[in-house]
Amino acid sequence: MASSAALNSKDLSGSYHQPRASGEIHVFIGPMFAGKTTSLLRRIKSESNNGRKVAMIKSSKDTRYAINSVVSHDGVRFPCWALPDLASFRQKIGEDAYEKLDVIGIDEAQFFEDLYDFCCKAADIDGKTIILAGLDGDYLRKSFGSVLDIIPLADTVTKLTARCEMCGKKAFFTFRKTAATETELIGGAGVYMPLCRQHYINGVTVTVAESTKVHHLGLRQQL
Ligand SMILES: [Zn+2]
């Protein structure tokens, strides 16, 4: 007669195996230049060094540094799958490879519309550890994509800060230097800068300040 333990470990496909490890979701949010990708890469490399099987995903919309690598602003890189959506990941990597994965990293998570469904299934059902990095807010400080929807699902949430380009204090917001108004305008330091609350508000409300800021920035960079 089969023991109850054996019955409990029988999965839907009818095979016997060890019970899955419980899934986890860890989230890094914050403005641009806050070190989100650096933190994500550090965690993924650490998991990999500990013998866990890892895969990294980024949006195929973001080709700023490399197509098949996640690259932080300070130049650290890790190979990745560049995909238009998360639903296609399982098919791209293959069922066997997906099954063996322990940890999935997701960079620029705000670009994935199916973030919630993917993370929910991967962590709850498939027992994966998800570590993701993304912008919580856009340049208008409004919720960006589905990143904030993940917070009720997460084990941990870490909000990182950058340095204000104007005063060097902690920066919480991403300021767009150009007049473009689309939400997804992909760019780096030429288009965006991190600002503290005071300088963000000044930058948004005093349009004249824009030329002054650039002038100040130029002076600071020359020093
Ligand atoms: Zn400031």
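**Close-up views of a predicted model**

**View 1. The largest nonpolar core.** The largest nonpolar core holds 50 residues, and those with the most contacts inside it are Ile-44, Met-56, Ile-57, Cys-119, Ile-130 and Leu-195. A nonpolar core is a set of buried Ala, Val, Leu, Ile, Met, Phe, Trp, Tyr and Cys residues joined through C-beta atoms within 7 Å. Buried residues have 20 or more other C-beta atoms within 10 Å of their own, exposed ones 12 or fewer, and partly exposed ones a number in between, with C-beta atoms placed from the backbone. Elements that give two or more residues to this core include helix 2, strand 11 (173-176) and strand 12 (192-195). Helix 5 supplies the largest share, 5 residues. At least three residues come from each of domain 1 (20-160) and domain 2 (161-223); the domain bounds come from an automatic or database domain assignment.

The model is predicted: local features need pLDDT of at least 70, side-chain atom pairs count only at pLDDT 80 or more, and totals for chains, interfaces and linings use all residues. Residues are numbered from 1 along each chain as its sequence is written.

**View 2. Surroundings of Ile-57.** Leaving out residues up to four places away in sequence, Ile-57 touches Cys-80, Trp-81, Leu-83, Leu-86, Phe-89, Ile-104, Gly-105 and Ile-106. Contact here requires C-beta atoms, placed from the backbone, within 7 Å.

View 3. Six strands form an open sheet in the order 5-2-6-7-1-8, with parallel pairing. Strand 5 and strand 8 (156-159) are at the edges with a single partner strand each, so one side of each has no neighbour in the sheet. From one strand to the next, the twist averages 20°. Strands (E, at least two residues) and helices (H or I, at least four) are DSSP runs numbered from the N terminus. Two strands pair if DSSP finds at least two bridges between them.

**View 4. Strands 6 and 7 with helix 2.** Strand 6 (residues 103-107) pairs with strand 7 (residues 129-134) in the parallel sense over 4 bridges. Gly-105 has Ile-131 in strand 7 as its bridge partner. Helix 2 (residues 36-49) packs on the sheet, touching strand 1, strand 2, strand 6 and strand 7, and its direction makes about 160° with that of strand 7. Axes are lines fitted to C-alpha atoms, for helices over the stretch in contact, and angles run from 0 to 180 degrees between N-to-C directions.

**View 5. Asp-85 in its loop.** Asp-85 lies in the loop between strand 5 (81-83) and helix 3 (89-93). Asp-85 counts as partly exposed because it has 15 C-beta neighbours inside 10 Å. Not counting residues up to four places away in sequence, Asp-85 touches Phe-112, Glu-113 and Asp-114.

Definitions and conventions:
Two residues are in contact if their C-beta atoms, placed from the backbone, lie within 7 Å.
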